[in-house]
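Hi,

Here is the complex we talked about, with the sequence and the coordinates together.

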Amino acid sequence: MTSSRNQILGNIRRGLQRDLLTGDALDQVRTRLREHPANTVPARSQLPQDQQIALFESMANEAAAELIELKTLEALPGTVAEFCRENGIDQLVSASDPALTALDWSGIDNLEITHRVAQAGDSASLTTSFCGIAETGTLMLLSGPHSPTTLNFLPDTHLVLLKQSQIVGAYEEAWARLRQHSDAMPRTVNMITGPSRSADIEQKLQMGAHGPKRLIILLLRD
Amino acid sequence: MTASSTTPPTAKVGFFVTCLVDMFRPSVGFASIKLLELAGCEVEVPETQTCCGQPAYNSGDRNSTRAIAESVIDAFDGFEYVVGPSGSCIGMLHQYPDLFEPDNPYFERARSLAGRAYEITSFLTDVVGLGTLQARFEGLVTYHDSCAGLRELGVKTQPRQLLSQVDGVELAEMNEAETCCGFGGTFCIKYPDISNRMVSNKTANAQATGAAVLLGGDLGCLLNMAGKLKREGSTMEVRHVVELLANMTDQPAIGESAADLAYNAGGH
Amino acid sequence: MQIHSPEFKQRAGDALDNANLQRALGNLRDGFPQKRAAAVARMPEFEQLRNEGRDLKNHILANLDFYLEQFEDNVIKQGGQVHWARDGEEARRAILEICRNAGAKTVTKGKSMVSEEINLNDYLEANGVKPVETDLGEYILQLREDHPSHIIAPAIHLNLDDVSDIFHKKHNRPRSEDPAELMQEAREMLRKQFVAADVGITGANFCVAETGSTIIVTNEGNGDLTQTLPRVHVVITTIEKVVPTLEDMTLFLRLLARSATGQEFTVYNTLSSGPRRPEDQDGPEEFHVVLLDNGRSEMIGSEFQEMLRCIRCSACMNHCPVYGAIGGHAYGWVYPGPMGSVLTPKLIGVDKAGHLPNASTFCGKCESVCPVKIPLPKLMRHWREREFERHLSPKGFRFGLGTWAWFARRPGLYRWVSRSSSWFLKRLGGKQGRIRSLPLGKGWTAWRDMPAPQGSTFMDQWKRHQQTQQQKNKG
């Protein structure tokens, strides 16, 4: 395969009428990678924090995500339990994120809660999120030891905790936070905007294709 | 018809007739010249002009295109402006610089020509003020935006602005006014059945407006749409927009029974 | 996918006569353009983003070797593997070997036009590996032994009835005509496949050099299940998909969703970087990227280089009146519409795909909606030039064109020809003013009348008019 690699790169260089990049040209592209400058960032997301939250909410709603407001983090177990009761859900697969496991779940008796990866047939999952992007009402989730990616896709209903303080305006701000968070990329970065859907049958939109049929954002005021 | 324009310094215009107007509808040429003269232009029709070369260009024959372009450039040397009643042919003139290497003397001349060449409605709107038109046409009309004029030259508001000055005219916009009618030069001969579907969509959209007259700015498209409407048995008339603007609608519409034109340039 | 591009005319004719297809195409013409227009209207910076997208792609292509090597380095650093493939054969072999090493019996697949380009499914099947398409549209097509007719809405040529029929036949369930039920049925059927698969194959919308990540953009979530559940994740993609940084990817994501479906953002935008980390609970243990060239590197430095800017949004075909009339299958291979009319002749040869760049009116709508401003009509014209140079255009047509061009350079003779034609057609038109059948113009008069000329030519009338004016002035 090495020869294929060299041939392809050789073809490209021949087409560009040059050899390996050197000098200023090389510095220029290295700088681009190192400094990763932003391109035009739409003005819509450049807002004060409170308006960013409002924008996030309206864009997420538009994408058919459902928002439930949490006044305190401590209210989460009760709110989740109530949602599940109302929707006939009696099993919940939860991420083992300390932010969730540290909460007091002892009073919840209508839910069987497990901490594991998701399996086919799971009805609901609960996860945290890395941030929310107001521009399009998008959630960003990172894979990690306490946040398996399957939780975001296999269950029919996906409940996600998002704190208002985690909401940023534009995608670029999310990348900045990600770079701050860790030197290396996680295996998976999910940007999720509403529940799964398809328009493959006669171009008519149907919700709930292969991923979750419902996306519930538990938005914590903090 | 008269125009109440304040006379600007006389612009010397070379009129580019275009093949289809020359052969099929000379009245469009006369209407255009009438409008140009009303706008205070001094109009000449260079005798050595032929075609813009688009059939060769779009067929991949660059050498013929270049040769034809050279004769067009020669024919229109020395005119302050070159104006024609077609966005497509004028759009072609704008392509000429691409045909020549920068060291070819024709390259600079091609650039100069492209900078001087205008489609008639955009010339009358964007370059010379036409003043107030005194034209009258009773009826509901709809307007097809021909592709090259629209997307290569930005002709969209100009014909509508001019039409709004014609007494009695009411414009009903059709759905997909900016969608191609399926003419496409040699396309309609090479792929006639696809072209037919496209022009059928177009005539359906045009007729759905209830307009009595379908207008446009390019004779190729107009011949195509008129031919389809006639075949469908429609009574919708098809005309080039300058016919209304110049108050010269006494001629039968495109594809209707013809009579020789007696040109009378407003009594001068 | 088998090549049928030489039969373009026949296939286009069949498509025009196919009432079901025509009904399905109506859904396309009524849907995508309006949705795109609405999304663009909400983004005041859209035109600026298009310009930046064009310029950034040009920058990437001018430094493509560098960014590809950076991407490769970063994939490897994270424990992934990169396989360079000059052509389809090398890509297929690389993927089969990965499947064999994994002991794979079935592979799930996310939607990938590149896998269509290299005929991957047939090859895997012939070698004992069963590919399962998981995108709803692709799944329907696989059941029907059909192929995509559109790059983002693969089953757009089908109607609800077709889906009801094939699901009823293949799923052994009562026939449903409810799209929601049909989708639920597919969801249930594919759940088992997702879990059972040993290898998951996806495409990539972009490859990020800075991080060694690939990204897929889907609305269904099938791509995510495809790449998360099996033990091995294979990405099949092409060399021009690389972008420098996450910020640069972001620019294209903003352009892509709006241009494609008119969404503000696609539901799932997922970055994959290497295999699962040791501490992760799920995710693939192996991560492979197959980087396919298949003729693209030869486009660099050629008059077709600009085509490599394409981000596969489908806006060009969604707005193309020719595509809208005949659908994607008429084009006879993987990539239909304007982008296909430029790319296909390069990938399968202009001798086979010669019709494609000719079957365009050059209306320019495609270029006007392209998120990276590819001058598609100009590139189609370049193919016509190649065909003309290589004498691939029909002889009669060349002769006619040559004769006409000869006259067009001789004004006196041209006048004479115009005058004679005008006279002749005027006589043919008679009192009606139009011609119903023209011996040498059947292409025209089979479908429409030919309006007759008004009379003598403009040039003749103008000459007379000038003479009259001069006499008047003298008198």
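Predicted model: local features only at pLDDT ≥ 70, side-chain atom pairs only at ≥ 80, totals over all residues.

The predictor gives the complex an ipTM of 0.97 and a pTM of 0.95. For chain C, the average pLDDT is 95, and 100% of the residues score at least 70.

**The sheet shared by A and C**

That strand pair in chain A belongs to something I liked a lot. There is an open sheet of eight strands, and its order is E8(A)-E5(A)-E6(A)-E9(A)-E9(C)-E6(C)-E5(C)-E8(C), with mixed pairing. What stands at the edges of the sheet? Strand E8 (167–168) of chain A and strand E8 (242–243) of chain C do; each has a single partner strand, so one side of each has no neighbour in the sheet. Helix H12 (residues 246–260) of chain C packs on this sheet and touches E5 (206–208), E6 (213–218), E8 and E9 of chain C. The direction of that helix makes about 165° with the direction of E5(C).

The link between the two chains is the pairing of strand E9 (residues 188–192) of chain A with strand E9 (residues 268–272) of chain C, antiparallel and over five bridges.

**Who touches whom**

Two pairs of chains are in contact, and A and C share the most contacts. Chain C puts 81 residues into that contact and chain A puts in 59 residues. On the chain C side, helix H10 (residues 179–196) gives the most, with eight residues. By type, the chain C side facing A has 35 nonpolar, 26 polar and 20 charged residues.

**Chain A on its own**

Chain A is divided into domain 1 (1–37) and domain 2 (47–220). The C-alpha centres of those two domains lie 40 Å apart.

**A sheet within chain B**

Chain B has an open sheet of four strands in the order E6-E5-E7-E8, with parallel pairing. Its edge strands are E6 (167–171) and E8 (237–240), each pairing on one side only. From one strand to the next, the twist averages 35°. Strand E7 (residues 213–216) pairs with E8(B) in the parallel sense over four bridges, and in that pair Leu215(B) stands opposite Arg239(B). Helix H12 (residues 219–231) of chain B lies across E7 and E8, running at about 175° to E8(B).

**Two places to look inside chain C**

One is strand E1 (residues 81–85) of chain C. Four of its five residues are buried, so this strand is largely enclosed by the rest of the structure. E1(C) pairs with strand E10 (residues 286–292) of chain C in the parallel sense, over five bridges. Within that pairing, Trp84(C) stands opposite Leu291(C).

The other is Cys366(C), in helix H18 (residues 365–369) of chain C. Why does Cys366(C) count as buried? It has 28 other C-beta atoms within 10 Å, and the cut-off for buried is 20 or more. Leaving out residues up to four places away in sequence, Cys366(C) touches Cys316(C), His319(C), Cys320(C), Pro338(C) and Leu376(C). Asn318(C) is 48 residues away from Cys366(C) in sequence, yet the two are 8.5 Å apart in space, C-alpha to C-alpha.

That's what I have for now.

Cheers

Technical notes:
Residues numbered from 1 in each chain as written. Chains lettered and ligands numbered in written order. Contact = placed C-beta atoms within 7 Å. Nonpolar A, V, L, I, M, F, W, Y, C, P; charged D, E, K, R; others polar. Pairing = 2+ DSSP bridges. Axes fitted to C-alpha atoms, helices over the stretch in contact; angles between N-to-C directions. Domains from an automatic or database assignment. Buried ≥ 20, exposed ≤ 12 C-beta atoms within 10 Å, placed from the backbone. pLDDT = per-residue confidence, 0-100.
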